[in-house]
Amino acid sequence: VLMGVLFCCLPPPDVQLGNSDNDPVAPGMGARGGYHFLMTLLCGALIASYCGCEVAVLNFMAVYGTEAMGLQKQTATWLASTAWGGLVAGRLLGIPASMLLSAKSLLTLDFVGCAATVALFWACPSGLGAWASAACLGLCFASAFASILGFADRHMHMTGATTGVLMACAAAGEMVSPMAVAASLTFWGITSFAVVIGGFVAWTVLLFLGAVAVARPAVKPAPTRSASLELADSDAAGGDGDDIRLTAPDA
């Protein structure tokens, strides 16, 4: 709702889009034809779902360790710290990974890892399985935020207003999702933690698949002026030796 209200107040940018082969398409398929709104809707819902799932997992992990696994409070704190440690490690590893892989590929790896980790959490809700799941969830969550923004920039024109809408959606997800998880755990009990997180991950994966199905590469406008290097003959210029001159042709 918040995303829709914010987006309706923003004029969509006039940007031409490409098809799957990166060829320009008709102007009617551009931002004013509804594509920009749809991509912003999907990316906003995706980033809201991801941020809410991340905050819920990291904040309820200690509660799960205390009430479901029977750990002491100090040990349960170490369980939560394991998830945060995986998040820090994933942020560091995400820097070189983003140089080698596209945002779409990184998101695919992140969500496949999240799904596999949730399956491990279902199979081993206590013991070493829970500790490994906590670390792997933090690791898989780490690079998703920046990758979603990179994916959005690849497939639509990211103005400051559009980025603001995505940031507002992320904040809304971080605010609403933990309350929804808390209500679910109160109703079904703390033992349903893995099921609730699995539902969030499944919903996030569906949103990602929808965004991938709709996405088309945006054709960014070419610059109007370009700089060129010109090698000038010293005899013609009246100087000694060769002279390299930087000139900018008129538009």
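The model is predicted: local features need pLDDT of at least 70, side-chain atom pairs count only at pLDDT 80 or more, and totals for chains, interfaces and linings use all residues. Residues are numbered from 1 along each chain as its sequence is written, and side-chain values use heavy atoms, with hydrogens and water left out.

**Aromatic pairs**

- The model has 7 aromatic pairs. Rings of Phe, Tyr and Trp (its six-membered ring) pair if their centres lie within 6.5 Å; planes under 30 degrees apart count as stacked, over 60 as edge-to-face and the rest as tilted.
- Tyr 50 and Phe 141 form an edge-to-face pair, because their planes stand at 65°, with ring centres 6.1 Å apart.
- This pair joins distant parts of the chain: Tyr 50 lies in helix 2 (residues 35-67) and Phe 141 in helix 5, 91 residues apart. Helices here are DSSP runs (H or I, at least four residues), numbered from the N terminus.
- Phe 141 is also buried, with a relative accessible area of 4%.
- Tyr 64, Phe 121 and Phe 193 are linked into a cluster by ring pairs.

**Nonpolar core**

- The largest nonpolar core has 57 residues. Such a core is a set of buried Ala, Val, Leu, Ile, Met, Phe, Trp, Tyr and Cys residues joined through side-chain atoms within 4.5 Å.
- Phe 141 and Phe 193 have the most contacts inside this core.
- Helix 2 gives the largest share, 16 residues.
- Phe 193 touches Ala 56, Val 57, Phe 60, Met 61, Tyr 64, Phe 121 and Leu 185, leaving aside residues up to four places away in sequence. Contact means heavy atoms within 4.5 Å.

**Helix 3 against helix 5**

- The axes of helix 3 (residues 73-100) and helix 5 (residues 128-141) come within 6 Å and cross at roughly 35°. Axes are lines fitted to C-alpha atoms over the stretch in contact, and angles run from 0 to 180 degrees between N-to-C directions.
- The contact has 12 nonpolar, 5 polar and no charged residues. Ala, Val, Leu, Ile, Met, Phe, Trp, Tyr, Cys and Pro count as nonpolar, Asp, Glu, Lys and Arg as charged, and the others, Gly among them, as polar.
- Residues on the helix 3 side include Trp 78, Gly 86 and Leu 93, while those on the helix 5 side include Trp 131, Gly 138 and Phe 141.

**Cys 169**

- Cys 169 sits in helix 7 (residues 160-188) and is buried, with a relative accessible area of 6%.
- Cys 169 and Ala 45 are 124 residues apart in sequence and 7.0 Å apart in space, C-alpha to C-alpha.

Note on methods:
Helices (H or I, at least four residues) and strands (E, at least two) are DSSP runs, numbered from the N terminus. Buried means under 20% relative accessible area, exposed over 50%, partly exposed in between (1.4 Å probe, protein chains only).
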